[in-house]
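Here's a quick tour for anyone opening this model for the first time. Take a look at the chain below, then read on for the main points.

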Amino acid sequence: QVHLVESGGGLVQPGGSLRLSCVASGSINTIRVMGWYRRPPGKQRELVATITEPDKILYATSVKGRFTLSRDDAKNTVYLQMNRLSPEDTAVYSCYAWSSVPGNESDWWGQGTQVTVSS
């Protein structure tokens with residue numbers, strides 16, 4: 001079992017910044033991928049950024065150059081620093097983890113945190 005808890009969402013004006021945090025607990029030694037997805041209003045969930053072992057980071061084209069994914073292994077936490085936010089970034093952001101052990105692979109999701117970009 002892996003448990004993910006997000007924090008850091010909120011309301012921000014266009015051009016502003018927010019930092020999301022996701023703390024993992026449970027069988028963290030089985031996690032091979034962590035990252036963030038988002039679901040804009042009325043749209044399907046989409047990839048924002050992921051980090052895989054050892055430290056390969058993948059960004060969606062729409063956020064590249066504005067968002068930065070990082071992690072602190074000592075705190076079992078991944079961060080998403082979001083800069084130059086626009087209304088198009090408004091969405092529910094969910095932390096994601098993929099765990100793998102011989103014979104079992106699982107997806108794990110946090111509860112989601114709302115990010116609203118509006119003036």
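The link between Cys 22 and Cys 95 is left-handed, with -85° about the S-S bond. It ties together distant parts of the chain, since Cys 22 sits in strand β3 and Cys 95 in strand β9, 73 residues apart. Keep in mind that this is a predicted model.

**The disulfide**
- Search the whole structure and you'll find one disulfide.
- The sulfur atoms of Cys 22 and Cys 95 lie 2.0 Å apart.
- Both ends are tucked away: Cys 22 is buried, and Cys 95 is too.

**The nonpolar core**
- In soluble globular proteins, nonpolar side chains tend to be buried together.
- Here, the largest nonpolar core is made of 29 residues.
- Within that core, Leu 4, Met 34, Trp 36, Leu 80, Met 82 and Tyr 93 have the most contacts.

**The largest pocket**
- Rolling a probe the size of a water molecule over the atoms shows where empty space is left.
- The largest pocket comes out at a volume of about 250 Å³.
- It has 14 lining residues, and the ones closest to its centre are Ile 28, Ile 31, Met 34, Arg 71 and Asp 73.
- Met 34 turns up here as well as among the core residues with the most contacts.
- Strands β4, β7 and β8 each give the lining at least two residues, and β4 has the largest share, with four.
- Sorted by class, the lining holds seven nonpolar, five charged and two polar residues.

**Two threonines to look at**
- Thr 30 is in the loop between β3 (18-26) and β4 (31-39).
- Is Thr 30 buried or exposed? It counts as buried, because its relative accessibility is 12%, and the cut-off for buried is under 20%.
- Leaving out residues up to four places away in sequence, Thr 30 touches Val 2, Trp 98, Ser 99, Ser 100 and Val 101.
- Thr 68, for its part, belongs to strand β7.
- Thr 68 counts as partly exposed because its relative accessibility is 42%, which falls between the 20% and 50% cut-offs.
- Setting aside neighbours within four places in sequence, Thr 68 is in contact with Tyr 59, Tyr 79, Leu 80 and Gln 81.
- From C-alpha to C-alpha, Thr 68 and Thr 113 are 17 Å apart in space, and they are 45 residues apart in sequence.

Methods:
Residues numbered from 1 in each chain as written. Predicted model: local features only at pLDDT ≥ 70, side-chain atom pairs only at ≥ 80, totals over all residues. Heavy atoms only, no water. Buried < 20%, exposed > 50% of the residue type's maximum accessible area, 1.4 Å probe, protein only. Contact = heavy atoms within 4.5 Å. Core = buried A, V, L, I, M, F, W, Y, C linked by side-chain atoms within 4.5 Å. 1 Å grid on protein atoms, 1.4 Å probe; cavity = no way out; pocket = protein on both sides within 12 Å on 5 of 7 lines; lining within 4 Å. Points joined across faces, edges and corners; volume = space filled by probe spheres on them. Nonpolar A, V, L, I, M, F, W, Y, C, P; charged D, E, K, R; others polar. Disulfide = S-S within 2.5 Å.
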